[in-house]
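Trainee: I'd like to learn how to read a fold from its contacts, helices and charged pairs. Could you walk me through one?

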Amino acid sequence: IRRLTPRRVVITGVENAGKSTLARHLSDALGWPLVPEAARTDAAVTEDRTTPDDLQRLLDGIRGALAVPPDTLFDTGPIVLDLWARAVWNHTLEGVEAARNHVDLFLLCDTLPDWEPDPLRSLPRWEDRQALEAQYVKALDRSGRPWARLPVASVAERVEWARPAGWEPTTAASEKPCPRRPREVVGSEACIDNVRDSLSAM
């Protein structure tokens, strides 16, 4: 087991997962700058005329943002755009792996069962969102990057789970897999203890 000090953290997951809400609260809790989800204000996306070229442009923007100084939080990231391009156009974006490799930790938010309509959302059925969520898990497993899963909970609980003093990931090959305890955030590539200290020790 090695110590992980995440400096660039990406919140990811399917729609209606509370990603943006968590990102704002976690940014405040950590005192880290937040890079918002670019798609929410992109004209091509909001006007429902998105093409693979638009997603490539958004990905290129994320790659540039990931080059900023450390201790930065991102609302969504390369995996969202990659799965979007594959699902809708069967298209592979260039530079996804390079962007992924700049991320120190992915936080996967489980989709919330209660649907909240949004102009950019298209999956009102929880079962459909869960099916897509399974693809996120596979993508994160394949990425080889540290990641952890945030279950359905209140915003305050998610923030508390996601703001430990440090992370201690275990890989799939580890002899000691992450234990699944009620108040522990777990993922196949990362195991986060629920400590309530801030990141001031970093």
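Mentor: Let's start with contacts along the chain. This is a predicted model, and among its contacts with a separation of 6 or more, 71% join residues 24 or more positions apart.

Trainee: Which pattern does the protein follow along the sequence?

Mentor: Reading along, you get β-α-β-α-α-β-α-α-β-α-β-α-β-β. That gives 7 helices and 7 strands.

Trainee: And how much of the protein is buried?

Mentor: Of the 202 residues, 47% are buried. The protein exposes about 10200 Å², with carbon and sulfur atoms supplying 49% of that.

Trainee: Let's take one helix. How do I read which side of it faces inward?

Mentor: Start with the general idea: an α-helix has 3.6 residues a turn, so residues three or four places apart point the same way. Now look at α1, where the buried residues are K19, S20, L22, A23, L26, S27 and L30. They cover an arc of only 155° around the axis, so they sit on the same side of α1.

Trainee: What covers those buried residues of α1?

Mentor: The cover includes β1 (8–12), β2 (34–35), β3 (72–75), β4 (105–109), β5 (147–150) and α7 (155–161).

Trainee: What span should helix α1 have, at 1.5 Å a residue?

Mentor: Its 12 residues, 19–30, should span 16 Å, and the end C-alpha atoms are 16 Å apart, which agrees.

Trainee: How should I think about a core?

Mentor: In soluble globular proteins, nonpolar side chains tend to be buried together. Here the largest nonpolar core has 27 residues, and I79, L81, L93, F106 and Y136 touch the most other members. The elements giving two or more residues to this core are α3 (52–65), α4 (78–89), α5 (96–100), β4 and α6 (126–143). There is also a second, separate core of 17 residues, which includes L22, W32, L107 and L150.

Trainee: Which residues does Y136 touch, not counting those up to four places away in sequence?

Mentor: Y136 touches T12, G13, V14, I79, V80, L83 and L108.

Trainee: T12 is on that list. Is T12 buried or exposed?

Mentor: T12 is buried, with a relative accessible area of 1%. This residue belongs to strand β1. Leaving aside neighbours within four places, the contacts of T12 include K19, F106, C109, Y136 and L140. Take the C109 pairing: T12 and C109 are 97 residues apart in sequence, yet their C-alpha atoms are 6.3 Å apart in space.

Trainee: Now the charged pairs. How many salt bridges does the structure hold?

Mentor: There are 11. One of them joins the side chains of D118 and R40, at 3.1 Å from N to O. D118 lies in the loop between β4 and α6, and R40 in the loop between β2 and α2 (43–46), so the pair ties together parts 78 residues apart in sequence. R40 is partly exposed, at 32% relative accessibility.

Methods: Residues numbered from 1 in each chain as written. Predicted model: local features only at pLDDT ≥ 70, side-chain atom pairs only at ≥ 80, totals over all residues. Heavy atoms only, no water. Helix = DSSP H or I, 4+ residues; strand = E, 2+ residues; numbered from the N terminus. Buried < 20%, exposed > 50% of the residue type's maximum accessible area, 1.4 Å probe, protein only. Contact = heavy atoms within 4.5 Å. Areas by Shrake-Rupley, 256 points an atom, 1.4 Å probe, with all protein chains shown as cover. Expected span 1.5 Å × (residues − 1). Arc of directions from axis to C-beta. Core = buried A, V, L, I, M, F, W, Y, C linked by side-chain atoms within 4.5 Å. Salt bridge = Lys/Arg side-chain N within 4 Å of Asp/Glu carboxyl O.
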